[in-house]
Amino acid sequence: MSKGFWDVINTLDRRIIFLILLVCVTLPLLLNVGGEIRPTPPVRRAHAAVASLEAGDVMLVSIDFDATSAPELMPMLRSVLRQAFEKDVRVIMLGHIAIGLPLGHMALEEVAAEYGKEYGVDYVDLGYRPGYIAVMIGMGREIRDFFDSDYQGLQVEDLPVMDGVHSYADIDLLFGFEHGAVIDYWVRYAQARFDQRMAFGTTAVMAPDAYPYLQSNQIEGLVGGLKGAAEYETLIGRPGLGTRGMPAQQWAHLLVIGFILLGNIGYFVTRRNRG
Amino acid sequence: MKRSIPLAITFLTGVFLVISFFVPHEPLGALEQRLLIWFSIVSGFTMLLGVDNLLRTHIRKIGRRNSGWWHSGFLLLGFAATVVLGVLGRIHHGSPFHMQSPFMFVYTYSIVPLQGTMFALLAFFIASASYRAFRARNTVATLLLVSAVIVMLGRIPIGAAISEFFPAAQEWIMDVPQLAAKRGIQIGAALGAVSMSLRIILGIERSYLS
Amino acid sequence: MGSPVVTIIGTWLAGFLTLAILSFLYKDNPFYKLAEHLYVGVSAGYWLIYVAFFDVEPMLIDTFMTETGVEKWIILVPGLLGLIMLSRWFPRTAWLSRWPIAFTVGIGAGLGITANLQGYVIPQVEATLIPMTGWNLVTLSNIVLVVGVVSTLLYFYFSKPHKGVLGGAARVGVVFIMISFGASFGYTLMARISLLIGRLYFLLHDLLHVLD
Amino acid sequence: MRERVPTPIGRRFAPAGRAPVHVAALLAVLGVLALTSGNALSAVGERLVVDPETGSLAPALAGTTPRSDEARETPVACPMHVYASDAPDDAGGAIRVSWELGTTGDGTPGSEGCEADVAGFEILRFAPGEDPVPVGEAPATDRHFVDASAENGIPYQYIIRALSSVASPNGEPAGFADSIASDAATATAQWFAMSRLNALVVMLFVCGAVMFYIARAREGSDLYIRRIPGLEAVDDAVGRATEMGRPVLYVPGIETVSEVGTLAALTILGHVAKKVAQHGTPLLVPTADPIVMTTAQEIVKQAYAEVGQSDRYDPHSVTYVTYDQFGYTAGVDGIMVRERPEAVFLLGYFAAESLILAETGHAIGAIQISGTKETSQLPFFVAACDYTLIGEELFAASSYLSHEPVMLGSLKGQDFAKFWIVVLIVAAVAVGTIGYAISPDGSSLPARAFDAVKTWFAGG
């Protein structure tokens with residue numbers, strides 16, 4: 001190959017990379033090809049944490065993401081809710097990112113309807129209160145100090161699902177869905193101070209940050225990214241969006257690896273030619 | 001006066017927050033929570049200053065007929081429509097975020113796609129950045145490159161199909177060296193943060209009101 | 001909300017905004033500029049509403065209305081601090097705003113001490129205290145882990161020249177840091193592609209109906 | 001996940017899942033005391049309690065809801081020992097109640113069979129001279145309950161009522177058994193949270209070291225600080241922007257000032273603003289948080305004043321964009337492609353937008369200096385920026401840039417703390433390894449010393 005070719009490769013316009021990537025992700029989506037999914041231990045542990053709950057136990061679900069992370073977190077949120085409602089676990093939803101709570105609410109209503117659950121009796125959406133650190137610390141004393149009403153203004157006292165639920169002591173598991181630093185605050189405040197049992201679904205980016213918590217047993221399980229969602233879907237036996245996106249992932253990964261290799265070959269060829 | 005009062009406020013706020021952390025006895029125990037609520041309220045008022053600044057900037061652009069000034073017009077329009085719909089949602093449905101509130105139209109059909117798409121730009125940028133940055137220029141750069149490629153391969157099924165090495169190596173790298181460096185960085189950064197916080201509380205670091 | 005017409009109009013609006021933002025990848029253009037300005041305006045309004053109804057209203061106004069006794073008056077202190085912040089609107093009194101600024105900085109600094117020690121230093125040090133038992137792969141990994149934590153920490157040693165033992169340790173630290181960054185980068189790729197899949201799914205499924 | 005070395009004393013206490021180790025130990029001691037004192041009698045099938053005054057069995061309690069007659073036909077046979085103690089580390093108002101299912105009784109099933117019968121527990125409380133009233137419920141798997149409705153200073157006693165899982169025709173639990181009353185416990189407020197003793201010690205150590213070296217630096221002792229390339233480049237970057245007649249863009253992250261990374265960004269802004277003011281280079285500081293905006297305005301204005309350039313200060317240089325993470329990113333990207341800054345600073349708290357900003361900055365050919373403590377974003381800054389301040393370097397930056405001995409002293413203090421943390425880790429791991437080599441069961445002295453250190457860090 002000529003030296004000119006590699007010079008072009010080395011200074012490739014990034015818009016060409018963009019275009020090829022776009023094609024590489026779109027095609028498998030349109031063709032809908034499948035593949036095998038093997039659950040990894042962190043996802044198994046998260047699944048086991050929910051599986052350890054019994055009917056009537058309380059699971060707190062925290063929506064700490066917004067639309068930006070919905071593609072990764074919504075599939076796993078649905079799976080976790082399905083698993084919980086299947087076991088007749090009481091679900092209390094709240095969130096520290098108000099802008100994302102409606103997404104959580106949509107998933108909650110959707111899955112609750114699948115299992116014929118009743119609002120206020122089997123599940124509740126407490127909504128959002130500002131100042132997540134204050135809320136997290138305050139919930140160790142009394143949830144009603146911050147959430148005296150639910151997202152639509154119904155008094156919490158009138159909702160049977162909240163009977164006997166006052167603080168972390170009454171919450172059997174916290175399952176947070178995280179796309180940012182809120183997970184650190186959950187661990188720092190609810191776990192470190194009140195020893196709350198917790199598991200998390202995070203974006204793939206946040207997952208490495210949460211690994212230390214998993215390793216130090218501060219959290220019980222971790223579902224990371226669309227891949228984790230696909231694994232969770234496999235564990236509960238309900239394939240969804242997570243499973244469907246995996247082939248496109250695979251193509252895109254191979255493409256990026258290919259580009260890295262190409263870039264390095266170009267780098268070495270031109271360096272050798274220059275002597 | 002103009003300097004010592006703010007320094008004293010910072011000092012007292014910081015010191016009481018720390019004391020409140022260790023002393024559960026009232027009135028100190030609940031102080032942390034109280035101060036954080038206060039912080040939220042002060043932030044709320046300050047939001048008015050921010051919005052005022054934004055609106056002024058764009059009204060000025062329109063007034064001066066800067067190039068593309070009409071974009072600023074759309075900005076003001078979007079702002080006004082959102083605020084009006086939010087207030088309507090609060091009045092008619094109790095909350096702007098109620099599922100029936102007109103505010104949710106703005107949320108569902110502009111905030112969600114705009115957020116999601118801005119974020120999705122990252123798919124492209126991560127490809128271009130890795131193409132450009134991951135060149136084996138020296139030992140250190142090579143390490144970066146090799147660990148990135150192993151993890152990328154280990155994350156997808158075809159990596160496992162090529163060799164069981166890739167998923168296993170991916171797990172190991174994430175669990176051991178990745179975790180170790182992250183931990184080292186975090187402990188160091190935490191010490192730095194404590195030290196800086198202390199300098200601020202003691203008034204040594206005071207560029208914010210010098 | 002809810003009627004089919006609204007859904008169709010909304011979906012097309014969302015589709016337009018999605019494509020306008022994506023067009024930035026080619027280059028800056030009037031469509032991106034329009035979407036960008038709309039986004040800034042709408043989201044600024046959004047957060048104003050949010051702070052007003054989820055922050056000031058419940059925490060300040062509701063507390064003042066419902067509390068009795070001394071609590072009712074204490075809550076006016078942050079209200080007053082907030083009002084003092086607004087003194088920036090008047091040049092003669094603008095200096096007063098340093099009081100609430102000093103308060104907010106004090107909060108950050110106070111939390112910075114306890115949260116970092118209890119949240120990072122103590123648990124992370126604790127998790128690194130691992131006895132090496134038996135000669136096997138787990139032990140090897142644990143040795144690598146401890147060496148990695150220690151050498152990375154020493155890389156940040158500022159007050160001695162990085163020569164000799166410290167220099168060696170710091171170089172090992174750099175190796176760990178680079179492996180870590182590469183791994184995080186590679187690991188993140190999947191998440192970023194997921195986001196693109198999410199948007200493409202919207203375009204192909206919700207907008208164009210070419211996906212089932 | 002690789003296997004983990006078994007932790008001798010886990011962070012968690014197995015059965016209840018949440019009790020700190022010292023509470024468990026306390027309960028164990030109390031349990032032994034209770035058993036040996038001969039009070040471990042219980043009421044079986046009948047609502048009998050031990051009279052708190054006399055210790056004798058008292059007949060059914062007055063004031064509680066009478067149950068249907070079926071109750072006595074299908075009794076739950078669960079002798080229970082109940083312990084109540086003040087909940088630790090709080091402002092009072094809470095008492096921790098725990099109980100065990102006994103294995104003895106007058107011919108009644110043992111604990112396992114007993115547990116199978118229990119549908120749940122009801123927690124009853126009484127103050128001296130009062131009738132027991134229910135204060136809460138607990139599921140059948142729980143063995144403890146925190147009564148958060150206690151008033152400080154009142155000696156409360158508790159009775160645990162086990163409810164049968166066999167339902168009566170009217171749907172009520174068909175039977176129940178009450179425990180004997182616990183010893184009295186009083187809710188008190190603590191002046192010190194013992195579980196945070198480790199945090200206090202570490203805080204005193206770190207802050208003490210920092211303050212000590214600051215004091216030493218004040219006395220004028222000479223301090224060496226290693227080069228931090230990213231900070232050496234600050235002047236060059238501003239200089240290049242000045243030469244090209246293009247602005248400097250300073251992005252202080254997306255968080256508010258309660259995040260300590262933002263405070264670091266703001267302190268560095270002071271130094272950058274001074275340089276910019278000296279050169280007369282235009283400065284753009286778009287912010288995502290209004291408090292950051294007001295603080296940054298003060299800092300920039302002050303920087304211009306300090307170098308005698310107050311008249312050059314442009315009040316429009318520090319602006320608010322929007323609090324929305326990606327709205328802000330879209331806005332800053334717009335500023336980048338239209339204002340074409342020559343130098344871009346990305347310092348403070350960043351989340352996913354880090355790479356969008358850094359790649360756009362790269363595309364416009366700006367020299368970029370970034371820094372954050374967020375380990376998840378550092379790889380992107382390292383890949384796309386010219387210089388990156390990693391973690392602690394960000395916090396060291398303002399000290400480094402100021403060149404003031406006092407500030408540099410605090411860096412020395414951090415190093416001192418870091419050194420001893422390293423020594424501690426290495427020493428503890430060595431001692432633990434030796435200890436477990438001598439005695440794999442952890443009974444040797446070094447192994448126990450290691451466990452003690454680890455437990456102390458775990459807050460036990």
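This is a predicted model: local features need pLDDT of at least 70, side-chain atom pairs count only at pLDDT 80 or more; totals for chains, interfaces and linings use all residues.
Chain B is built from 8 helices and 0 strands. Its elements therefore read, from the N terminus on, α-α-α-α-α-α-α-α. The radius of gyration of chain B is 26 Å, whereas the globule rule gives 17 Å for 210 residues, so chain B is more spread out than a compact globule. The C-alpha trace of chain B spans about 60 × 50 × 40 Å along its principal axes. Three domains are assigned in chain B: domain 1 covers 1–63, domain 2 covers 67–133 and domain 3 covers 136–201. The centres of domain 1 and domain 3 of chain B, taken over C-alpha atoms, lie 36 Å apart.

Chain C meets chain B through 110 residues, which are in contact with 115 residues of chain B. About 10300 Å² is buried between the two chains. Carbon and sulfur atoms give 82% of that area. The interface of chain C and chain B holds 2 salt bridges. In one of them, C:Glu57 pairs with B:Arg90 at an N to O distance of 2.3 Å. Polar contacts between chain C and chain B join 14 residue pairs, both residues being at pLDDT 80 or more. Several helices of chain C each supply at least two residues of the side that touches chain B, among them helix 1 (4–22), helix 5 (98–128) and helix 7 (164–207). Helix 2 of chain C gives the largest share of this side, 27 residues. By residue class, the side of chain C that touches chain B divides into 74 nonpolar, 28 polar and 8 charged residues.

Chain B also meets chain D. Here 53 residues of chain B are in contact with 74 residues of chain D. The area buried between chain B and chain D is about 5400 Å², and 73% of it comes from carbon and sulfur atoms. Between these chains there is 1 salt bridge. It links B:Arg132 to D:Glu359, with the closest N and O atoms 2.8 Å apart. Residue pairs in polar contact between chain B and chain D number 14, both residues being at pLDDT 80 or more. On chain B, helix 1 (4–22), helix 2 (31–63), helix 4 (103–133), helix 7 (165–175) and helix 8 (177–201) each supply at least two residues of the side that touches chain D. The largest share, 16 residues, comes from helix 8 of chain B. This side of chain B consists of 30 nonpolar, 15 polar and 8 charged residues.

Key:
Residues are numbered from 1 along each chain as its sequence is written. Chains are lettered from A and ligands numbered from 1 in the order in which they are written. Side-chain values use heavy atoms; hydrogens and water are left out. Contact means heavy atoms within 4.5 Å. Buried area is the accessible area (1.4 Å probe) that two parts lose on being put together, summed over both. A salt bridge is a side-chain nitrogen of Lys or Arg within 4 Å of a carboxyl oxygen of Asp or Glu. A polar contact is a pair of N or O atoms within 3.5 Å; within protein, one must be able to donate a hydrogen and the other to accept it, and residues adjacent in sequence count only if both atoms are side-chain atoms. Helices (H or I, at least four residues) and strands (E, at least two) are DSSP runs, numbered from the N terminus. Ala, Val, Leu, Ile, Met, Phe, Trp, Tyr, Cys and Pro count as nonpolar, Asp, Glu, Lys and Arg as charged, and the others, Gly among them, as polar. Domain bounds come from an automatic or database domain assignment. The radius of gyration is taken over C-alpha atoms; the globule rule is 2.2 Å times the number of residues to the power 0.38.
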